[in-house]
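Please open the model in your viewer and keep the selection tool at hand. The stops below are arranged as a walk, each one naming what to select and then what is there.

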Amino acid sequence: MRRLPYAQYRVRRDVQGVSGQDALLGKLYGTALGRMLLSVLVRPSVSRIAGWLLDRKISTLAVKPFIQKNSIDMSMCVKQDFDSYNDFFKRKLVDGARPLADVPGGFVSPCDSRLTVYNIEDTDKAVFNIKDSEYTLSELLRDRKLAERYKGGKLWLFRLCVDDYHRYIYNVDGIQSDVRRIDGIYHTVNPIASEYYPIYKENTREYCLIKTRGMGTVLAMEVGAMLVGRIENAHMHRCRVRRGQEKGNFAFGGSTIILLTQKDQVTPLSEIEKNSVDGIETRVRQGSLVGMIK
């Protein structure tokens, strides 16, 4: 198999411009003083205040420095002038900027991100592990009966950083259920946080089920993160959706999309699977091939 044309990142060893962020988060999560400050920063009210500020016109002063620091390619953006920082952060790309992989039976990424795939144990507890934090699906979903459906399946964790494109798509055709929201707090989704807190069962999240014809039911979840007070899904109720259709976007900050696929339905590409076992994140783009439907 040919190598994926995307970078690979070993957890906590990403040298592509986030080492300073890692150092800061290490102090926040790894020291007593830092954790005292965190107890304030993770509150939903703080994210709401940050979101309000980033919706103001004055916040556009931060746009150009961010573009320069992160080498953001603006040539594919629909517009170049923005009303606020969040307007820039939620920028839309021109049609064709993120093409869908044209592979029969292909399973594609819903977003630009760093991807890790985890096996869900085929046991009563349906356990999976992220950075030595043990989770059960019933804790993640707050629904023990629903968790039963994904035992022995795969959990696809797409971690978005602040410099990623923060719009996301449906990656399958099917019938979407109503969206369920689980209110929580707002830890960062940087891997450093997972060393200290079980963030994915504490953070605010939304999810829906997508019933497909050829690969069972896919669960799609959006996880809010520090200073990301808004998960903005376009469709909150039952409807038909199509592969490649825009599903929604996040407001400012890093965030995560989690997909659950049922047992023996989808297989990750071998390189992604190997990287995941080795603790390496594989960088993928929205619409790129990440697995094959069985």
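Throughout this tour, a residue is called buried when its relative accessible area is under 20%, exposed when it is over 50%, and partly exposed in between, with a 1.4 Å probe and only protein chains taken into account. This is a predicted model, in which local features need pLDDT of at least 70 and side-chain atom pairs count only at pLDDT 80 or more, while totals for chains, interfaces and linings use all residues. Residues are numbered from 1 along each chain as its sequence is written, and side-chain values use heavy atoms, with hydrogens and water left out.

**The whole protein**

Begin with everything shown as a cartoon, where you can look for nine helices and 18 strands; helices (H or I, at least four residues) and strands (E, at least two) are DSSP runs, numbered from the N terminus. Of the 294 residues, 53% count as buried. The protein exposes about 14,100 Å², and carbon and sulfur atoms supply 52% of that area, accessible areas being taken from the Shrake-Rupley method with a 1.4 Å probe, and for residues only the protein chains shown count as cover. If contact means heavy atoms within 4.5 Å, then among the contacts with a separation of 6 or more, 76% come from residues 24 or more positions apart.

**Aromatic pairs**

Next, select Tyr168, which lies in strand β7 (residues 167-169), together with Phe250 in strand β14 (residues 246-250), so that you see a pair tying together parts that are 82 residues apart in sequence. Tyr168 is buried, with a relative accessible area of 1%, and Phe250 is buried too, at 0%. Rings of Phe, Tyr and Trp (its six-membered ring) pair if their centres lie within 6.5 Å, and planes under 30 degrees apart count as stacked, over 60 as edge-to-face and the rest as tilted. By this rule the count comes to seven aromatic pairs. In one of them, the rings of Phe128 and Tyr135 have their centres 5.4 Å apart and their planes at 5°, so this pair is stacked. Phe128 and Tyr135 are both buried. The pair of Tyr168 and Phe250, by comparison, is tilted, with 5.2 Å from centre to centre and 50° between the planes. For a further view, select Phe66, Phe82, Tyr85 and Phe88, which form one aromatic cluster.

**Salt bridges**

Arg167 is buried at 15%, whereas Glu246, at 28% relative accessibility, counts as partly exposed.

Which residue forms a salt bridge with Asp164? The partner to select is Arg283, with the closest N and O atoms 3.3 Å apart. Asp164 lies in the loop between β6 (154-160) and β7, and Arg283 in strand β17 (residues 280-284), so the pair ties together parts that are 119 residues apart in sequence. Asp164 counts as buried at 1% relative accessibility, while Arg283 counts as partly exposed at 25%.

**Strand β18 and its partners**

Now select strand β18 (residues 289-293), which runs antiparallel to strand β2 (residues 106-108) and is joined to it by three bridges; two strands pair if DSSP finds at least two bridges between them. Strand β16 (residues 266-268) also pairs with β18 in the antiparallel sense, over three bridges. Centre the view on Met292 in β18, because Gly106 stands opposite this residue, and Thr267 likewise stands opposite Met292.

**A loop residue**

Finally, select Val78, which lies in the loop between α4 (63-70) and α5 (85-89). Is Val78 buried or exposed? With a relative accessible area of 54%, Val78 is exposed. Leaving aside its neighbours within four places in sequence, Val78 is in contact with Lys92, Leu93 and Val94. Val78 and Asp95 are 17 residues apart in sequence and 8.8 Å apart in space, C-alpha to C-alpha.

Methods: A salt bridge is a side-chain nitrogen of Lys or Arg within 4 Å of a carboxyl oxygen of Asp or Glu.
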